[in-house]
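Okay, thanks for making time, everyone. I'd like to walk you through one model today, from the overall fold down to a few side chains. Let me put it up.

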Amino acid sequence: MKLKICVGSSCHLHGSYAVIEELNKVLEKYGVQELVEMQASFCMGQCQHSVNISADEIFLHKLNKENIERVFLEEVYPKIR
Ligand code: FES
């Protein structure tokens, strides 16, 4: 699965780099680094929901380093296993 993490101005200000860092830890924790391709992205036009990630066809909104593991487990993990 391809995860595009927005690093546009709004998402950057809301902590997209902290989300990337935490997401890397989560991928490692669940041993799924090989199943997920992470990519930085410019603004996705969803700034009101920063931080945003697009996971294939869906958007994951309002991400932060506290909720990224839960959102990953609910929205991404079941689709890549
Ligand atoms: S800056 Fe991330 S959606 Fe606009």
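So, reading along the sequence, the pattern here is β-α-α-β-β-β-α, where helices (H or I, at least four residues) and strands (E, at least two) are DSSP runs, numbered from the N terminus. That makes 3 helices and 4 strands. Quick housekeeping: this is a predicted model, so local features need pLDDT of at least 70 and side-chain atom pairs count only at pLDDT 80 or more, while totals for chains, interfaces and linings use all residues. Residues are numbered from 1 along each chain as its sequence is written, and side-chain values use heavy atoms, with hydrogens and water left out.

On overall dimensions, the C-alpha trace spans about 30 × 25 × 20 Å along its principal axes. Of the 81 residues, 40% count as buried; buried means under 20% relative accessible area, exposed is over 50%, and partly exposed is in between, with a 1.4 Å probe and protein chains only. For contacts (heavy atoms within 4.5 Å), take those with a separation of 6 or more: 63% of them are between residues 24 or more positions apart.

Now the sheet. The 4 strands form an open, mixed sheet in the order E2-E1-E3-E4, and two strands pair if DSSP finds at least two bridges between them. Which strands stand at the edges? Those are E2 (37-41) and E4 (58-60), each with a single partner strand, so one side of each has no neighbour in the sheet. The twist averages 25° from one strand to the next; for angles, axes are lines fitted to C-alpha atoms, for helices over the stretch in contact, and the values run from 0 to 180 degrees between N-to-C directions. E3 and E4 run antiparallel, joined by 3 bridges, and Ser54 stands opposite Phe59 in E4.

What about the helices on the sheet? H2 lies across E1, E2 and E3, at about 155° to E1. H3 packs on the sheet too, touching E1, E3 and E4, and its direction makes about 160° with that of E4.

On to the core. A nonpolar core here is a set of buried Ala, Val, Leu, Ile, Met, Phe, Trp, Tyr and Cys residues joined through side-chain atoms within 4.5 Å. The largest one has 23 residues, and Leu3, Leu23, Ile53, Leu60, Leu63, Phe72 and Val76 touch the most other members. Elements giving two or more residues to this core are E1 (2-6), H2 (16-29), E3 (53-55) and H3 (68-80). If you click on Phe72, its contacts beyond four places in sequence include Leu23, Val26, Leu27 and Tyr30.

Last, charges. There are 4 salt bridges, meaning a side-chain nitrogen of Lys or Arg within 4 Å of a carboxyl oxygen of Asp or Glu. Glu69 is partly exposed at 23%, whereas Lys29 is exposed at 56%.

Two others sit within helices. Glu22 and Lys25, 3.8 Å apart at the closest N and O atoms, are both in H2, 3 residues apart, about one turn. Glu74 and Arg70 come to 3.4 Å, and they are 4 residues apart in H3, again about one helical turn.
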